[in-house]
Amino acid sequence: MDMVSLKNINKSFTTARGEVRAIRDLNLTIERGEFFSLLGPSGCGKTTTIRCVAGLEKPDDGEIWLGDDLVFSRAKNRFIPPHQRKIGMVFQSYAIWPHMNVFENVAFPLKSGVSERFSDREIKERVLEALALVQLQGFETRPAPQLSGGQQQRVALARALIKKPEVVLLDEPLSNLDAKLRQETRLELRWLLKEVGATAVYVTHDQAEAFAVSDRMGVMLDGQLAQVGTPRDIYLRPNSAFIADFVGRINFLEGEVAEQGPGKKVLKTPIGFIECPSLEKFSIGQKVKLGIRAESIRLCDTREQGAANCFPAVVKSAVFLGEYFDCHAAIGDYSFNIKVPSESEVTVGSQVNVYLPLHCWVVLSSN
Ligand SMILES: Nc1ncnc2c1ncn2[C@@H]1O[C@H](COP(=O)(O)OP(=O)(O)O)[C@@H](O)[C@H]1O
Ligand SMILES: [Mg+2]
């Protein structure tokens with residue numbers, strides 16, 4: 001069942017510099033229980049999108065559904081305010097009240113609700129349950145300023161979950177944590193939201209984070225959804241050069257489809273003929289742009305010389321990064337970025353053979 005549905009959403013802001021179109025014709029459907037991320041560079045419209053779902057922004061047109069509830073419709077002149085939407089929200093800044101202790105912070109949404117009333121006993125039970133969920137038992141009376149960043153983030157999460165919302169919106173919730181804690185916390189966060197059965201809409205500009213937590217994700221660019229899919233879809237089958245380049249490192253190569261023997265199509269490129277299984281569906285003479293990821297390329301040994309997609313190259317740079325060498329090797333005038341295993345011997349200026357595996361090429365565009 002669809003849990004979050006955005007239909008033809010547009011949102012502009014009027015600023016001193018003129019009109020900014022923050023969201024353009026955005027259509028998106030997220031299923032119940034799904035962990036969905038919006039990934040994109042700063043300023044692409046992620047926060048505006050999630051704020052529209054929360055009811056903190058009013059779109060210029062379109063419709064927003066939360067389950068069976070139509071919470072916004074321009075045409076029907078409908079707008080359900082944030083506190084009446086079945087959502088919980090975690091912000092980048094946590095927005096923890098500094099003058100309250102942990103218990104009071106987490107209990108806040110239960111006390112401030114206008115539609116529902118909770119008894120003191122109910123409030124206590126719910127707060128203790130939420131704190132147990134985020135592993136902060138025993139922290140009830142701790143003043144908020146005496147919490148670490150990670151603990152504040154958990155308080156914010158417990159507070160977002162306290163009303164048992166069906167949808168939890170998270171806007172860069174981990175960006176104030178240090179790198180190691182961020183890595184641990186992101187999986188905990190996913191586990192927790194799955195445990196309570198919530199649908200998560202998660203905003204991040206960090207691709208590894210989006211890959212790690214998401215069932216599906218959408219890549220945003222200039223207020224539009226450029227591609228929606230599973231992390232593997234997005235990484236292995238990007239639908240454009242922009243997406244391919246935005247997630248991971250990729251090398252591009254353009255050429256023209258040519259025939260090499262009966263029924264065998266290859267790409268004629270400035271570095272030579274490239275074999276790629278996906279070329280079968282293109283016609284001879286068609287121009288095609290291919291991509292191959294830095295970690296898919298290998299330096300091959302002499303036995304592989306002369307094999308398909310194996311080219312002599314010169315190492316132009318090799319930076320040792322621990323996990324791998326970040327290497328550039330030139331085949332003719334074309335420089336390829338290659339992730340070479342740390343234990344390899346690569347020296348700048350040396351001759352190597354570069355293997356561009358057949359099945360690793362992605363077709364990015366054609367005309
Ligand atoms: N309240 C606002 N007033 C004017 N411009 C805004 C406002 N909120 C966002 N914007 C603009 O809308 C665009 C998208 O912003 P935002 O949704 O915050 O992006 P992201 O969260 O992806 O970094 C940006 O160009 C931003 O400057
Ligand atoms: Mg933002």
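**Entry 1: the model.** I am working from a predicted model.

**Entry 2: the core.** I looked up the largest nonpolar core and found 36 residues in it. Which residues have the most contacts inside it? I noted Val 106, Leu 131, Leu 157, Leu 170 and Leu 193. H4 gives the largest share, 6 residues.

**Entry 3: salt bridges.** How many salt bridges does the structure hold? I have 15 in my notes. I followed up three of them.

**Entry 4: Lys 11 and Glu 57.** The side chains of this pair meet in a salt bridge, at 3.9 Å from N to O. Lys 11 sits in strand E1 (residues 2-15), and Glu 57 in the loop between helix H1 (46-54) and E4. The two are 46 residues apart in sequence, so their bridge ties together separate parts of the chain.

**Entry 5: Glu 129 and Lys 164.** Here the closest N and O atoms of the salt bridge are 3.4 Å apart. Glu 129 belongs to helix H3, while Lys 164 is in the loop between H4 and E8. They are 35 residues apart in sequence, so this pair also ties together parts of the chain. I put Glu 129 down as partly exposed, at 46% relative accessibility.

**Entry 6: Glu 256 and Lys 287.** This salt bridge has its closest N and O atoms 3.3 Å apart. Which strands does the pair link? Glu 256 is in strand E12 (residues 250-259) and Lys 287 in strand E15 (residues 287-293). The partners are 31 residues apart. Glu 256 is partly exposed at 35% relative accessibility. Lys 287 is partly exposed at 47%.

**Entry 7: a network.** I then checked for shared partners. Lys 11, Arg 51 and Glu 57 are joined into one network by such salt bridges.

Entry 8: I placed Asp 61 in strand E4 (residues 61-66). Asp 61 is partly exposed, with a relative accessible area of 30%.

Notes: Residues numbered from 1 in each chain as written. Chains lettered and ligands numbered in written order. Predicted model: local features only at pLDDT ≥ 70, side-chain atom pairs only at ≥ 80, totals over all residues. Heavy atoms only, no water. Helix = DSSP H or I, 4+ residues; strand = E, 2+ residues; numbered from the N terminus. Buried < 20%, exposed > 50% of the residue type's maximum accessible area, 1.4 Å probe, protein only. Core = buried A, V, L, I, M, F, W, Y, C linked by side-chain atoms within 4.5 Å. Salt bridge = Lys/Arg side-chain N within 4 Å of Asp/Glu carboxyl O.
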